[in-house]
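Dear colleague,

Please find below the sequence and the structure that I am handing over to you. My findings follow directly after them.

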Amino acid sequence: MRQAGVYSGMVSGGRTGPHLLPLARIKKIMKKSGDNVKMISGEAPIVFSKACELFIEELTRRSWMVAMQGKRRTLHKDDVATAIVATDIFDFLVDLVSSGNSINPLDFSPVEMETVLES
Amino acid sequence: MERGGFNGYRKIPNASSGLKLTNMKMRLAEMNHANNHSTTAEDNECTVREQDRFMPIANVIRIMRKILPPHAKISDDAKETIQECVSEYISFITGEANERCQREQRKTITAEDVLWAMSKLGFDDYIEPLTVYLHRYRDMEGDRGSIRGEPLGKRAAVEFSTLGVAAAAAAFAPVFQMAGHHHHHGFFGAAADHHHHMGGGYLRDAANAGSSQQAAAVANGEPHGQYK
C-alpha cells in the first residue's frame, strides 16, 4: 500500500494526525463503552486503530462474498447482515443489524400473522 | 428492483428501535450541519454526538475499498452499518478488557488487556498482526529515547503510522492472501531484504531492523514474548 493513501484518506475533519483511524475518536468510544471505564493507556487506542482496520477488512470481505453469491456488484446492508449472522465471532453485532423486531410482519401472510399474534 | 416496490432490506420502520432512529436523526443533523453551516444548538449537539460515536466514514470507506474490487459499489446503508459495527466492536472489546482490569483491581486499560479481550472473544487471528504492530510501535518509541510504554510523541507517531501501514500490510500478506509486497518504503525498505531468510514466511517482509529476536519470538508463537 502506498503511503499516499495514508494521507489522502485523512478526511476526518479534525487534527487527528496521519493514523489510519483517529486515536482520539477511538478513545472516546472506549470511554463510552461503560460507566466504569477509568483510564486508558496510550497504546490501547493504537492497538485498536489497527484492529479496527482488520475488522473492517474482514467484515467487508465476508459481506462482499455474499453480494457476489447474489451476482451483485453493489454491497448492501443485507449482505453485511448476512455475513454477520454467518460468522460466530460477529454474534455481538446481530442486534445491530436486525430491525429490533423479533417478528417482521412482512414475513407472514395475514392468516399466519393472526396466529402469531394470538399465541 | 429485485425486491419489488418495497425496499425489502429495510424492515418496517420501528420507532421503538431507538438506535436506528437516533442514528437517522443524528445523520440528518450532521448533513444539515455540513451543507448549511447554519447550526442550531440542537444540531451542534447531535453533530458532536455523531462525531463522538463513530469512526469517520471516509476512513471506513477507504479501508473497505482496499478489499473490494475496483468496480464494486457500496450502498450508503452498507457504509453506515459497517461504521456502526466498528464502534460496537470497540465497545465490545473494551467492555471485556475493562472487566479484567476491575477483577485485577487495575485502573488503566492497557494494550495487553485489549489484546487479551480480543483473544477471549474469538479474534485470535488478529493477535499476531497486532502484536507485531505493537512491537514495532514500541521499537520506534524506544529509538527516540523515550521510556517505553509512555504515550507516543507526535513525530514518532507520524513516522510509525506511515511506515506501519505499508509494512504491516506486507506482514499480513500470508494471512490475508495479498500478493507479496516488496515495495514498502523508508524504515523497512532496507531491513526487509535482510530478513528474507528468516523462518516463517509470515514475518518475511515485516521484520524490524534490530529486532530480529523479537520478531523471532513472535514467529515462534510467543505473541507476548517481549511484552509485559
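Of the 119 residues of chain A, 47% count as buried. Please keep in mind throughout that this is a predicted model, and that the values in this message are computed from it.

**The two chains**

Chain A contains 6 helices and 2 strands. Along its sequence, these elements follow the pattern α-α-β-α-β-α-α-α.

Chain B has 228 residues, and buried residues make up 46% of them. Its secondary structure consists of 10 helices and 2 strands. Starting at the N terminus, the order in chain B is α-α-α-β-α-β-α-α-α-α-α-α. Chain B exposes about 11,300 Å², with 51% supplied by carbon and sulfur atoms. For contacts in chain B between residues at least 6 apart in sequence, the share that joins residues at least 24 apart is 43%.

**Where a helix of chain A packs against a helix of chain B**

Two packed helices are described by the angle between their axes and the distance between the axes. Here, helix α3 of chain A (residues 43-69) packs with helix α5 of chain B (residues 111-120) at an angle of about 40°, and their axes are 7 Å apart. From α3(A), the residues that make the contact are E43(A), A44(A), V47(A), F48(A) and A51(A), while α5(B) contributes A111(B), V114(B), L115(B) and M118(B). In this contact of α3(A) with α5(B), 8 residues are nonpolar, 1 is charged and none is polar.

**Aromatic side chains**

Over all chains, a search of the whole structure finds 10 aromatic pairs. One of them is formed by Y89(B) and F123(B), whose ring centres are 4.9 Å apart with 70° between the planes, an edge-to-face arrangement. Y89(B) belongs to helix α4 of chain B (residues 76-103), whereas F123(B) is in the loop between α5 and α6 (124-143) of chain B, so the pair ties together parts that are 34 residues apart in sequence. Both residues, Y89(B) and F123(B), are buried.

Y89(B) also pairs with Y126(B): the ring centres are 6.5 Å apart and the planes meet at 65°, so this pair is edge-to-face. Because Y89(B) lies in helix α4 of chain B and Y126(B) in helix α6 of chain B, the pair ties together parts that are 37 residues apart in sequence. The relative accessible area of Y89(B) is 0%, and Y126(B), at 2% relative accessibility, also counts as buried.

These residues belong to an aromatic cluster with members in chain A and chain B: F48(A), F55(A), F90(A), F92(A), Y89(B), F92(B), F123(B) and Y126(B). One of its members, F48(A), also takes part in the contact of α3(A) with α5(B) described above.

**Salt bridges**

Side chains of opposite charge can pair when their charged atoms come close. The structure holds 14 salt bridges over all chains, and three of them are described here.

- E58(A) and R62(A) form a salt bridge in which the closest N and O atoms are 3.1 Å apart. The two residues are 4 residues apart in helix α3 of chain A, so about one helical turn separates E58(A) from R62(A). E58(A) is buried, with a relative accessible area of 12%, whereas R62(A) counts as partly exposed at 33%.
- E104(B) and R100(B) meet through their side chains in a salt bridge, with 3.5 Å from N to O. E104(B) is partly exposed at 41% relative accessibility, while R100(B) counts as buried at 15%.
- R106(B) and D113(B) are joined by a salt bridge of 2.9 Å, N to O. R106(B) is partly exposed at 28% relative accessibility, and D113(B) is buried with a relative accessible area of 0%.

Beyond these pairs, K50(A), E53(A), E57(A) and K66(B) are joined into one network by salt bridges that share partners.

Yours sincerely

How values were computed:
Residues numbered from 1 in each chain as written. Chains lettered and ligands numbered in written order. Predicted model: local features only at pLDDT ≥ 70, side-chain atom pairs only at ≥ 80, totals over all residues. Heavy atoms only, no water. Axes fitted to C-alpha atoms, helices over the stretch in contact; angles between N-to-C directions. Contact = heavy atoms within 4.5 Å. Nonpolar A, V, L, I, M, F, W, Y, C, P; charged D, E, K, R; others polar. Buried < 20%, exposed > 50% of the residue type's maximum accessible area, 1.4 Å probe, protein only. Areas by Shrake-Rupley, 256 points an atom, 1.4 Å probe, with all protein chains shown as cover. Phe/Tyr/Trp six-rings, centres within 6.5 Å; stacked < 30°, edge-to-face > 60°. Salt bridge = Lys/Arg side-chain N within 4 Å of Asp/Glu carboxyl O.
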